[in-house]
Structures are given as C-alpha cells and as structure tokens.
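Here is a short briefing to read with the model open beside you.

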Amino acid sequence: FDGLLSATDLDLAPFVPATGISADDWGRNPLGLGALRELDATIAIKADSLRYAELTAGPSQINMTLAEGQLDSQINMSGLAGGAATLQVTADAATSPPVLGLGFKAEAVDLQSLLAPFGISWISGRGNLVALVSGQGATQQELIGALKGEAEASIADGALTGLDIASLFAAASQRIVEGWAGQQGAATGFATLTARATIADGIATMSNLALSNPTLTLTGGGDVDLLRRSLDLRVDPRVLAA
C-alpha cells in the first residue's frame with residue numbers, strides 16, 4: 001500500500017499503544033506491535049496542525065515506511081512549543097521481544113510549554129534538546145528497563161522553580177536544611193543550563209551538568225534510574241556574589 005494523505009488537524013493519540021502507565025508504574029500492557037507484521041506500506045501525511053495530549057504543532061509532515069514487520073517513521077513539526085522538532089520512531093516487530101528506537105531533536109523550544117503536559121513544571125527557559133534511545137521489550141516497563149542511548153540539553157534564560165540556591169547560601173548562618181524545604185515561590189534563574197547523559201540498562205549517567213548565572217555556578221553529575229524513578233546526584237554550587 002502506498003499513499004499520500006492530507007489533514008487539517010491530526011490527533012496522534014489514537015495511534016499510540018495503551019501501555020497501562022500509571023503514577024507509579026511505567027506500564028505493563030503488551031504493546032501489540034505484532035500487528036506491524038501484517039502490512040507493508042509507504043505513507044506520507046501532511047497536516048496543518050498536529051496534536052498529542054496537550055501538545056500542539058503547526059504544519060507537520062509524517063513519512064512512514066513499513067515492511068516485513070519493520071517500521072521507520074519520521075515526523076517533522078514546525079511551531080512546536082514555539083520552535084521546531086523532528087521525531088524519529090523505529091520498530092522491529094520481526095524480533096521477539098520487539099525493539100523500539102526513538103530519536104528526538106528540538107530547536108529553540110520553550111521548555112515550560114513542551115514539558116508541562118507531561119507533569120514537569122520545575123524548569124523553564126528556551127533551548128535545544130537531542131535524544132537518541134532504543135530498547136527491547138514487550139511492555140513499556142521492559143523497554144524502560146533496557147533503555148540505552150544518549151541525551152543532551154542546552155537551555156538559556158530560564159529558571160529552576162522551588163529553590164533559590166543563591167539566597168539559601170546567603171542565609172547559611174540559619175538552619176540550611178529548613179531552607180531547602182520551605183522556599184515556596186522561590187526560583188534559581190540561570191543564563192545557561194547544559195546537561196548530557198549516557199543511558200544504559202535504563203540508568204542515565206550525567207557527567208557534565210552545569211548551570212550559570214551572574215551570582216551562581218553549579219556543576220554536578222550522577223545517575224538517574226529511569227525505571228525506578230530515583231536519583232543519585234551530587235552537585236557543587238558556588239556563590240559568586242553576596
């Protein structure tokens with residue numbers, strides 16, 4: 001089957017498998033990718049707007065090839081969170097368990113608009129994101145536990161909400177632990193924030209986390225266990241001015 005389709009508004013949600021994900025579980029529903037073995041097709045879709053959950057993009061194009069259980073697709077999106085992005089999705093359903101790959105590249109996107117629909121509201125700014133990951137498994141939980149790849153972020157003119165690190169250290173004569181817990185409405189603004197991670201077996205190892213603003217620099221690194229949603233990070237904040 002070969003086709004060229006067009007749409008005014010395209011919602012991607014019906015095409016995403018129901019994983020069974022919940023607040024404390026990545027999802028144990030079988031992804032049902034075996035259906036990919038039933039069809040060979042080359043399809044191009046042009047849409048004036050593209051939607052998924054609360055995310056929207058402007059004019060977009062989807063190019064998809066499916067042959068012998070292997071999917072290769074690319075979505076080019078303009079106007080996503082004020083920037084542009086490309087999403088690549090590959091799947092090999094000819095193997096058991098199946099293998100999935102994801103590549104994402106976003107340029108000049110607003111982090112708050114991009115991440116808020118996924119429940120991430122503690123960071124703002126505008127920047128670039130790159131991720132290239134893959135995993136093998138019959139469920140989303142298995143995929144996350146086997147995830148490998150790399151991810152990188154470079155963000156400018158933003159803030160980390162919930163904590164004003166510079167003010168916290170300026171009040172170091174007080175009980176500092178209480179300061180970490182009680183800074184409602186506080187934020188640590190930054191001129192630049194960069195981070196890079198290498199992912200293996202579902203654990204992201206960060207080696208060059210760096211934040212800078214006129215009064216503070218912060219460097220750090222450590223591990224993020226994606227499957228268990230736990231952190232083991234060490235950061236080194238240095239106040240440059242009182």
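A nonpolar core is a set of buried Ala, Val, Leu, Ile, Met, Phe, Trp, Tyr and Cys residues joined through side-chain atoms within 4.5 Å. Buried means under 20% relative accessible area, exposed over 50%, and partly exposed in between, with a 1.4 Å probe and protein chains only. The model is predicted: local features need pLDDT of at least 70, side-chain atom pairs count only at pLDDT 80 or more, and totals for chains, interfaces and linings use all residues. Residues are numbered from 1 along each chain as its sequence is written, and side-chain values use heavy atoms, with hydrogens and water left out.

**The cores**

- The largest nonpolar core holds 41 residues, and L50 and L114 have the most contacts inside it.
- A second, separate core of eight residues has L33, L66, L71 and A93 among its members.
- Contact means heavy atoms within 4.5 Å.

**The chain as a whole**

- The protein chain has four helices and 13 strands; helices (H or I, at least four residues) and strands (E, at least two) are DSSP runs, numbered from the N terminus.
- Its C-alpha trace spans about 70 × 35 × 25 Å along the principal axes.
- Of the 242 residues of the protein chain, 36% count as buried.
- Among contacts with a separation of 6 or more, 50% come from residues 24 or more positions apart.
- The accessible surface of the protein chain is about 13800 Å², and 56% of it belongs to carbon and sulfur atoms. These areas come from the Shrake-Rupley method with a 1.4 Å probe; for residues, only the protein chains shown count as cover.

- Two strands pair if DSSP finds at least two bridges between them.
- Strand 2 (residues 41-52) pairs with strand 4 (residues 60-67) in the antiparallel sense over seven bridges, and I43 stands opposite M64 of strand 4.
- Strand 4 also pairs with strand 5 (residues 70-80), again antiparallel, over eight bridges.
- Strand 4 and strand 5 form a hairpin with two residues between them, and E68 in the turn has a positive phi of about 55 degrees.

- On one pairing, strand 11 (residues 203-213) meets strand 12 in the antiparallel sense over nine bridges, with V224 of strand 12 as the bridge partner of A204.

**A residue to look up: T188**

- T188 lies in strand 10 (residues 187-200) and is buried, with a relative accessible area of 2%.
- Not counting residues up to four places away in sequence, T188 touches G158, A159, L160, L163, D164, I165, L211, N213 and L216.
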